[in-house]
Amino acid sequence: MLTLESFKAARSVLQAVLRPTPLIHSPYLSKNCGNTVYLKPENMQATGAYKLRGAYYKISTLTQEEKDRGLVTASAGNHAQGVAYAAQAAGVAATIVMPTTTPLVKVNNTKDYGAKVVLHGEVFDDAAELAAQMAQEEGLTYVHPFNDLTLATGQGTIAYEIFQDLPDVEAILVPIGGGGLAAGVSTLAKLLNPHVEIIGVEPSGAASMKASLEAGHVVTLPAATTIADGVAVKTPGDLVFPYVQKNVDRIITIDDSELVEAFLDIMERHKMVVENAGLLPVAALRHLGYEDKNVVCVLSGGNMDVITMSSLVQHGLIQRGRIFTFAVQLPDRPGSLLSVAQILAANNGNVIKLEHNQFVNINRQSGVELRVTLEAFGHEHKRQILNALQAEGFRAMEADTGDFYN
């Protein structure tokens, strides 16, 4: 049972291991959504995610016999690091099964905490199946990443800290994968203030909890397709489901493209790296449907590899019109390139990359293809540049859309 007494016990145990993650006010996000927005930066925990709370508390409650058998779990990354960290602190052996698609930084960090890592399957559910099999065949103690009430109790201690920093909080947004975080935070929050609204946020391509709530029982999705690997779960936990059903007021689903926008917002405005799963509450701010409330977004983790980061930055800048590529056909004669360069300079277009190909065809009147990647201030500035090219007779095609400006 998730009770006030159990949450108090978890808070007492975790005080020795948790890093303080005080709320951060975000004037930028507040202005954009019309509410007063605060961020709960669990990406700043020792393992880079809130999962340390549940894993550490769970392992602290195991018997010595359960510890001596060794631990096994499945995880897309953050729970893996939490278990590995807690197991190392307790002097217990741990085996972690992770999907083959897990970002390298999460795999390496898990190994650095002394755990054995086994890569298996494409999504969490595949890894979980093997971990359960290993627990049965090898006698290992299985530490479930979300479908465990002791674990959910540890995760829920986040609510204590939110109310301590912001007693008049009116809404808390939490990411949902399997449901452990949502069950813990929502239950304790409702115990502390029955009137606070708890909003779960899922990717639209892996909204297993929303589907389960609509069905009235746990259901399994045929697939979980999302860039938010930390919440790519096809089947939510049946043990935590009743608590989500009772205490989470509503679910908001988010498209992956919105996570790209949220990544840039958090990185540029708050100088923090937050992984896609942790960005779900930030992306959901635009879908709240009300204003003038105190809102807290739980940033669940920040374990993201640099390749994913660079991809998100590039896609985000393209999405916002701050980087774009156009192609234009030029006559093969001296001065043609200079004419284009002068137009770009006059309109404050900053050239990032330029390709000048004289061999695309044999027609010397339009025999040169010029492809230019530019930095701009946004979509309006981009249109200004392309319209300026059009006005000077250049038939420019935007590479990302295939649209001609002529």
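Colleague: What share of the 406 residues counts as buried, and what makes a residue buried here?

Modeller: In this predicted model, 56% of the 406 residues count as buried. The cut-off is under 20% relative accessible area.

Colleague: Which residues of helix H1 are buried?

Modeller: Helix H1 spans residues 4–14, and its buried residues are Ser6, Phe7, Ala10 and Leu14.

Colleague: Why are they said to lie on the same side of H1?

Modeller: Their arc around the axis is only 100 degrees, so they sit on the same side of H1.

Colleague: What do the buried residues of H1 pack against?

Modeller: Four helices: H3 (51–60), H8 (149–156), H9 (158–165) and H10 (180–192). Packing rests on contacts, that is, heavy atoms within 4.5 Å.

Colleague: Now the strands. What is the order of the six-strand open sheet?

Modeller: The order is S1-S2-S10-S7-S8-S9, with mixed pairing.

Colleague: What makes S1 and S9 edge strands?

Modeller: Strand S1 (24–25) and strand S9 (250–254) each pair on one side only.

Colleague: How do you know that S2 and S10 pair?

Modeller: Pairing needs at least two bridges. Six bridges join S2 (residues 36–41) to S10 (residues 294–299), so the two strands pair. They run parallel. In one of these bridges, Pro41 has Leu299 of S10 as its partner.

Colleague: What share of the contacts with a separation of 6 or more comes from residues 24 or more positions apart?

Modeller: Such residues account for 71% of those contacts in the chain.

Definitions and conventions
Residues are numbered from 1 along each chain as its sequence is written. This is a predicted model: local features need pLDDT of at least 70, side-chain atom pairs count only at pLDDT 80 or more; totals for chains, interfaces and linings use all residues. Side-chain values use heavy atoms; hydrogens and water are left out. Buried means under 20% relative accessible area, exposed over 50%, partly exposed in between (1.4 Å probe, protein chains only). The arc is that of the directions from the helix axis to the C-beta atoms.
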